[in-house]
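Here is a short briefing for a first look at this structure. Start with the view below, then read the points by topic.

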Amino acid sequence: MKEFIMANLTGTWNLDPTHTEIGFVARHAMVTKVRGNFPELTAQVTVDGENSKAAATIKTASINTGNSDRDEHVRGEDFFDVEKHPEMTFESTAFNVDENGNGTVEGDLTIKSITKPVTLNVETFGVETDPFGNERMGFEASTTIDRTDFGIDFQAPLKSGGMLVSNKITIEIDGSAIKA
């Protein structure tokens, strides 16, 4: 099974934005979680042994948290400042995955023109041919960042001493990629 999966992972894969979600989770008022996603994205992964690479561009204005007032606030200067910073990007620097495509991908994440290294934990679920003849690879990836490291430092203190929005943000990717 391992050889079958690796043989099918080799190549260039374009993320299918209609079947991929790049989302985030933040703690709100320190008592609940708010989730959101960015539906406008382009991303490509090339699996080629030591020459493997990944790159993604996400339109920050496409943020969707399920609440239009919150989305407008997060698009503004307090958070993403989408007028000045319309995109966030990821560019891989190292692939540390096993023969099944599981492990880590290290790279540079840029938000609001600030670039920091991150490590994505990756789990690949294999390759399947869809009813339209496309070869699809499925995977999940996640990492946790401190949003203040990227200049997203809006904060409102709570009476308890906590803050309205957690600094720790979990980024979650549920990916479906089509072989080019």
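Is Lys 112 buried or exposed? Lys 112 is buried, because its relative accessible area is 16% and buried means under 20%. Keep in mind that this is a predicted model.

**Overall build**
- The protein chain holds 2 helices and 10 strands.
- Their order along the sequence is α-β-β-β-β-β-α-β-β-β-β-β.
- The radius of gyration is 17 Å, close to the 16 Å that the globule rule gives for 180 residues, so the protein chain is as compact as a globular protein of that length.
- Along the principal axes, the C-alpha atoms fill a box of roughly 55 × 30 × 30 Å.
- Buried residues make up 41% of the 180 in the protein chain.

**The loop between β7 and β8**
- Lys 112 sits in the loop between β7 (103-111) and β8.
- Ser 113 also has its place in the loop between β7 and β8.
- Most residues other than glycine have a negative phi.
- Lys 112 has a positive phi, near 55°.
- Ser 113 has a positive phi as well, near 65°.
- Lys 112 is buried at 16% relative accessible area, whereas Ser 113 counts as exposed at 60% relative accessibility.

**A negative surface patch**
- Glu 21, Glu 123, Glu 140 and Asp 174 form a negative surface patch.
- One of these residues, Glu 123, lies in strand β8 (residues 114-129).
- Glu 123 is partly exposed, with a relative accessible area of 40%, so it passes the cut-off of over 30% for patch residues.

How values were computed. Residues numbered from 1 in each chain as written. Predicted model: local features only at pLDDT ≥ 70, side-chain atom pairs only at ≥ 80, totals over all residues. Heavy atoms only, no water. Patch = residues over 30% accessible without salt bridge, like charges linked within 9 Å, V, L, I, M, F, W, Y side chains within 5 Å. Areas by Shrake-Rupley, 256 points an atom, 1.4 Å probe, with all protein chains shown as cover. Salt bridge = Lys/Arg side-chain N within 4 Å of Asp/Glu carboxyl O. Lys, Arg positive; Asp, Glu negative; His and termini not counted. Charge placed at Lys NZ, Arg CZ, Asp CG, Glu CD. Helix = DSSP H or I, 4+ residues; strand = E, 2+ residues; numbered from the N terminus. Buried < 20%, exposed > 50% of the residue type's maximum accessible area, 1.4 Å probe, protein only. Rg over C-alpha atoms; globule rule 2.2 N^0.38 Å.
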